[in-house]
Amino acid sequence: MVSWTVLIAGYVQHGCAQEALYKFENMQQEGFSPNAVTFACILKACGATGAIDKGKSMHDEIVQRNLLKHDPVLGNALVDMYGKCGSLVMAQKVFEELLVRDVVAWTSLISGYVQYGLSEMAIKCFDQMHYEGLSPNAVTYACILQACGGTGSLEKGKEIHVEMIKDGLLGGIGLLDNALVDMYAKCGALVKA
């Protein structure tokens with residue numbers, strides 16, 4: 001089982017998600033049953049390829065095996081998969097059912113909203129995450145800056161910029177510096193950009 005999971009994870013990690021799905025099928029044909037790590041890898045592959053039907057099937061199996069209560073990584077993987085596949089209602093539903101909502105779960109949900117042009121929903125999620133006492137990570141900030149640019153929310157973008165400075169996240173992570181420039185430019189603040 002470990003060998004199959006490592007092989008599948010390797011394919012996913014190197015951008016060969018479709019091949020990972022094929023290997024998963026091979027693994028099952030040989031009589032191996034997936035564990036939580038295997039499920040997390042396959043959900044990532046489903047999100048990367050848009051294989052929502054396969055993702056739903058994996059979700060059903062995870063629920064049947066009662067794995068969600070014992071492994072928060074699976075919950076995060078489900079939110080991410082549904083978000084990447086554009087099933088944002090399901091992403092939100094899974095998110096709401098999570099026993100532990102960590103920064104990864106919040107970021108997955110925010111990212112899904114941003115990816116499908118629902119920037120205002122992403123900003124609401126970001127605000128709710130703050131309200132619940134969680135601090136964003138670099139990926140969360142990059143996503144929310146994209147949302148601010150998408151809605152032209154210059155004031156919110158400035159607020160987030162200040163927060164990032166307080167958190168000491170600028171100057172070393174090019175992703176965030178670029179996201180700030182992009183946000184300011186999309187909001188029409190070209191001098192600030």
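Contact here means heavy atoms within 4.5 Å, and helices are DSSP runs (H or I, at least four residues), numbered from the N terminus. The model is predicted, so local features need pLDDT of at least 70 and side-chain atom pairs count only at pLDDT 80 or more, whereas totals for chains, interfaces and linings use all residues. Residues are numbered from 1 along each chain as its sequence is written, and side-chain values use heavy atoms, with hydrogens and water left out.

Helix H5 covers residues 72-84. The expected span of a helix is 1.5 Å times one less than its number of residues. For the 13 residues of H5 this gives 18 Å, and the end C-alpha atoms are 18 Å apart, which agrees. Ten of the 13 residues of H5 are buried, where buried means under 20% relative accessible area, exposed means over 50%, and partly exposed lies in between (1.4 Å probe, protein chains only). Among the buried residues of H5 are Leu74, Asn76, Val79 and Asp80. The buried residues of H5 pack against helix H3 (36-49), helix H4 (52-64), helix H6 (88-97) and H7.

Asn76 belongs to H5 and counts as buried because its relative accessibility is 8%. Not counting residues up to four places away in sequence, Asn76 touches Leu98, Asp102, Val104, Ala105 and Ser108. Ser108 is buried, at 10% relative accessibility, and is in contact with Asn76, Val79 and Asp80 when neighbours within four places in sequence are left aside. Val104 has a relative accessible area of 41% and is therefore partly exposed. Asn76 and Ala122 are 46 residues apart in sequence and 16 Å apart in space, C-alpha to C-alpha.

In the loop between H4 and H5 lies Asn66. Most residues other than glycine have a negative phi. The phi of Asn66 is positive, near 60 degrees. Asn66 is partly exposed, at 37% relative accessibility.

Leu21 is part of helix H2 (residues 17-29) and is buried, with 8% relative accessibility. Beyond its neighbours within four places in sequence, Leu21 is in contact with Ile42, Ala45, Cys46, Thr49, Ala51 and Lys54. Leu21 and Ala51 are 30 residues apart along the chain, and their C-alpha atoms are separated by 9.4 Å.

A nonpolar core is a set of buried Ala, Val, Leu, Ile, Met, Phe, Trp, Tyr and Cys residues joined through side-chain atoms within 4.5 Å. The largest such core has 62 residues, and those with the most contacts inside it are Leu43, Leu74, Ile110, Ile144 and Ile160. Ile110 touches Ala122, Cys125, Phe126, Thr140, Cys143 and Ile144, residues up to four places away in sequence not being counted.

The axes of helix H9 (residues 138-151) and helix H11 (residues 174-186) come within 8 Å and cross at roughly 10 degrees. H9 is therefore roughly parallel to H11. Axes are lines fitted to C-alpha atoms, for helices over the stretch in contact, and angles run from 0 to 180 degrees between N-to-C directions; those under 35 degrees count as roughly parallel, over 145 as roughly antiparallel, 65 to 115 as roughly perpendicular and the rest as oblique.

Note on methods
Helices (H or I, at least four residues) and strands (E, at least two) are DSSP runs, numbered from the N terminus.
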